[in-house]
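Biologist: I have a few pointed questions about this one. Please show me the sequence and the structure before we start.

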Amino acid sequence: MKVDRDDLVSTLADLVRINSINPILVPGAPGETEIAGFVASSLRNAGLDAELIEPEAGRPSVLGRLQGGGGGRSLLLNAHMDTVGVEGMTNPFDGSVRDGRLYGRGAYDMKGSLAACLGAAKSLARSKVRLRGDLLIAAVADEEYGSLGTAAVVKNVRADAAIVTEPTSLRICRAHKGYAWIEVLVLGRAAHGSRFEEGIDANLRMGRFLSALEGLERELVGRPPHSLVGPPSLHAATLEGGTGLSTYAARSIVKIERRTIPGESSVSVMAELEALLTRLRAEDPTFRAEARLFFSREPFEVSAEADIVRALDAAASRVLGSAPAQVGDTPWMDSALLAGAGIETVVFGPHGAGAHAKEEWVDVESVVQTAEVLAETARVWCGVAP
Ligand SMILES: [Zn+2]
């Protein structure tokens, strides 16, 4: 399935030139309204239906639909439209091409992928191929912060499979880590600094907890690694305790990020921490602390035998000339939300570098190849009417 290369590259440059910085990350930033309008009209011009899903004002996602003829499976292609900020970048909205690389904020993470989804849908809509199942394009808001967009899409849409098109250098990504954010509060007793017999120093007691936590951290990274994403880990991200020099600290708080691997959950992670606190309480009955989970995202894994993985593998092998590698990645992605909604999901996208960095680029040829692989996968997955 050939795609219109010139149209694809100019669409990608147009997308990079639209500022779509996430306004939660950079207050006052424009968000997704303008880019969603661009994506919707680009889909409509190619003959697709496009609707906006806007759970919060100013934060729209676009759902495009190439209606199938019936009797086939539906496929959803997902790409986020928002980007992180541009501090320290020169010409962040450049979109110019040098040596086969298109530069600018979001080129790699992930407007190259978004352009490839649009290119695949447009080429199928304009060809004589008539798919049996629906092809859905979800161009979503807010992936870089709270995933408002994909969360709203999974409430509104059913699909038989999904491809999250985060960049993978044309490899099939079958797993990524999740994470849990946990606060541990260690309690002491406030007292004047001169009255040691009255005060209980919450900061020193936090030291006991941190020392036990370091033991857990070493044990985690020493566990047998998951074959695609490696071992789990944790870090004590922030510490806060005490109110003044001449006062015994009444409270000491650590915020922990625990990175999870497939097979783990926020429940298993909290049980691990509770066991650690139970041990400290047994050693000293006056030790008082509590752990609270305040946010979590699940890890993701799909089997090599899953139908969508086989379909993508067959299509990519045909387009690229050989079977792509199957890999895992560490950062969390929207794939976990789609899989959590019961949609069989896999990750595949172009090559590039510089996500969230001062220089960001995507390899143009790999964007064209991604579009061809996606279009071919849609033919394999959705079926073609005679
Ligand atoms: Zn991304």
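Biologist: What spacing do the donors of the zinc ion follow along the chain?

Modeller: This is a predicted model, so read each value as computed. The protein donors are H80 (NE2), D109 (OD), E166 (OE) and E166 (OE). Along the chain they follow H-x28-D-x56-E.

Biologist: Which parts of the chain does the pair H80 and E166 link, and how many residues apart are they?

Modeller: H80 sits in strand β3, residues 75-80. E166 sits in the loop between β7 (161-164) and β8 (172-176). The pair links distant parts of the chain, and the separation is 86 residues.

Biologist: Why is the arrangement around the zinc ion classed as it is?

Modeller: The donors lie 1.9 to 2.5 Å from the ion. A tetrahedral site with four donors needs all angles between 85 and 135 degrees. Here the four donor atoms subtend angles of 52 to 152°, which makes the arrangement irregular.

Biologist: Which bond joins D109 and M110?

Modeller: D109 is one of the zinc donors. M110 lies in helix α3. Omega between D109 and M110 is about -10°, and the bond is a cis peptide bond.

Biologist: How do α3 and α9 lie to each other?

Modeller: Helix α3 covers residues 107-126 and helix α9 covers residues 364-382. Their axes are 8 Å apart, at an angle of about 45°. Angles from 65 to 115 degrees would count as roughly perpendicular, and those under 35 as roughly parallel. The two helices are therefore oblique.

Biologist: How do the residues of the contact of α3 with α9 divide?

Modeller: From α3 come G112, A116, C117, A120, S123 and L124. They meet V367, T370, A371, L374, A375, A378 and R379 in α9. The division is nine nonpolar, three polar and one charged.

Biologist: What handedness has the crossing of α5 and α6?

Modeller: Helix α5 (residues 202-221) packs on helix α6 (residues 266-283) at about 140°, with axes 11 Å apart. That pair is therefore oblique. The crossing is right-handed.

Biologist: How many charged residues are in the contact of α5 with α6?

Modeller: α5 brings R208, F209, A212, L213, L216 and L220. α6 brings E272, L273, L276, L277, R279 and L280. Nine of the contact residues are nonpolar and none is polar; the charged ones number three.

Biologist: Where is D142, with its positive phi?

Modeller: Phi of D142 is near 65°, and the residue is other than glycine. Its place is in the loop between β6 (135-140) and α4 (148-156).

Key
Residues numbered from 1 in each chain as written. Predicted model: local features only at pLDDT ≥ 70, side-chain atom pairs only at ≥ 80, totals over all residues. Heavy atoms only, no water. Axes fitted to C-alpha atoms, helices over the stretch in contact; angles between N-to-C directions. Helix = DSSP H or I, 4+ residues; strand = E, 2+ residues; numbered from the N terminus. Parallel < 35°, antiparallel > 145°, perpendicular 65-115°, else oblique. Contact = heavy atoms within 4.5 Å. Nonpolar A, V, L, I, M, F, W, Y, C, P; charged D, E, K, R; others polar. Donors = N, O, S within 2.8 Å, 3.2 Å for Na, K, Ca; no water. Tetrahedral: all angles 85-135°; square planar, octahedral: opposite > 155°, others 65-115°. Left-handed = near helix turned anticlockwise from the far one by under 90°.
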